[in-house]
Amino acid sequence: MLLTLAWGSLFFPGLFALCNWTLRRSRPEWTNSDCLMISTRHWLAREYVWFLIPYMIYDSYAMYLSEWYRTRDQNHGHSTTFRNFLSQNRLMITHHAVILFVLVPVAQRLRGDLGDFFVGCIFTAELSTPFVSLGRILIHLKQQHTLLYKVNGILTLATFFSCRILLFPFMYWSYGQQEGLSLLQVPFNIPFFCNVANAFLIAPQIYWFCLLCRKAARLFDTPQAKKDG
């Protein structure tokens with residue numbers, strides 16, 4: 001499933017670029033606006049959303065199962081384990097719930113025929129997921145000292161920052177280019193709920209990125225620096 005999401009994060013930008021390039025070559029009489037508008041229309045931008053439902057359910061269950069096996073020696077029942085799981089993973093569970101009960105209906109039905117480009121952009125956020133997952137696997141295998149772990153950490157930071165944080169100003173900039181607005185003018189020329197929705201989406205990404213940066217700082221902190229500190 002992670003590979004499927006990662007594939008989607010590469011597929012949609014690639015499909016957009018390919019369609020745009022093809023239209024520019026085959027329809028020279030069309031304007032840039034025409035080519036971009038047609039390039040963002042694709043049925044997969046809507047149907048691929050269905051992958052989010054089984055993935056979010058699977059991921060939530062897998063996290064709970066992991067917590068259960070981690071604490072089963074403490075003789076906790078499922079109810080106690082479940083309460084602890086919800087308490088320790090509030091942000092992640094909220095993130096999954098919002099995607100399931102808000103993002104999926106909006107992307108599938110409520111938006112109508114609008115916003116295929118932005119839906120495709122949101123999918124690129126999952127490009128960082130394989131690197132985050134590999135990092136967790138390497139920690140479990142106690143491979144934090146390896147070059148692979150450090151290289152993966154750099155790739156995690158780069159893809160997370162690019163695809164989960166810079167993505168939002170890029171979408172605003174893209175809309176501004178389409179409408180002849182500067183980046184700073186865009187928030188004041190789109191519906192208020194769009195700004196609110198983007199704020200809710202980017203807030204946990206910034207929080208998680210800060211956590212990743214702290215972990216990276218500890219990883220590359222030398223023993224001498226720790227001693228001096």
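A: We begin with a definition: helices are DSSP runs of H or I with at least four residues, numbered from the N terminus. The model shown here is predicted. Asn-198, for instance, lies in helix H11.

Q: Is Asn-198 buried or exposed, and why?

A: Buried means under 20% relative accessible area. Asn-198 has a relative accessibility of 17% and therefore counts as buried. Beyond its neighbours within four places in sequence, Asn-198 is in contact with Phe-168, Met-171 and Tyr-172.

Q: Which residues make up the largest nonpolar core?

A: In soluble globular proteins, nonpolar side chains tend to be buried together. Here the largest such core has 11 residues, among them Phe-117, Phe-160, Phe-168, Met-171 and Trp-208. Helices H7 (116-123), H9 (147-165), H10 (167-179) and H11 (192-220) each supply at least two of its residues. The largest share, four residues, comes from H11. A second, separate core of 10 residues includes Tyr-55, Val-104, Ala-107 and Phe-123.

Q: What is Phe-160 in contact with, leaving aside its neighbours within four places in sequence?

A: Phe-160 contacts Ser-128, Ile-165, Gln-205, Trp-208, Phe-209 and Leu-212.

Q: Where does helix H6 bend, and which of its residues are buried?

A: An α-helix has 3.6 residues a turn, so residues three or four places apart point the same way. Helix H6 (residues 90-110) bends by about 35° at Ile-99. Ile-99 is also one of the buried residues of H6, together with His-95, His-96, Val-104, Ala-107 and Gln-108. H6 is followed by Gly-112, which has a positive phi near 70°.

Methods. Residues numbered from 1 in each chain as written. Predicted model: local features only at pLDDT ≥ 70, side-chain atom pairs only at ≥ 80, totals over all residues. Heavy atoms only, no water. Core = buried A, V, L, I, M, F, W, Y, C linked by side-chain atoms within 4.5 Å. Buried < 20%, exposed > 50% of the residue type's maximum accessible area, 1.4 Å probe, protein only. Contact = heavy atoms within 4.5 Å. Bend = angle between axes of the 7 residues up to and from the residue.
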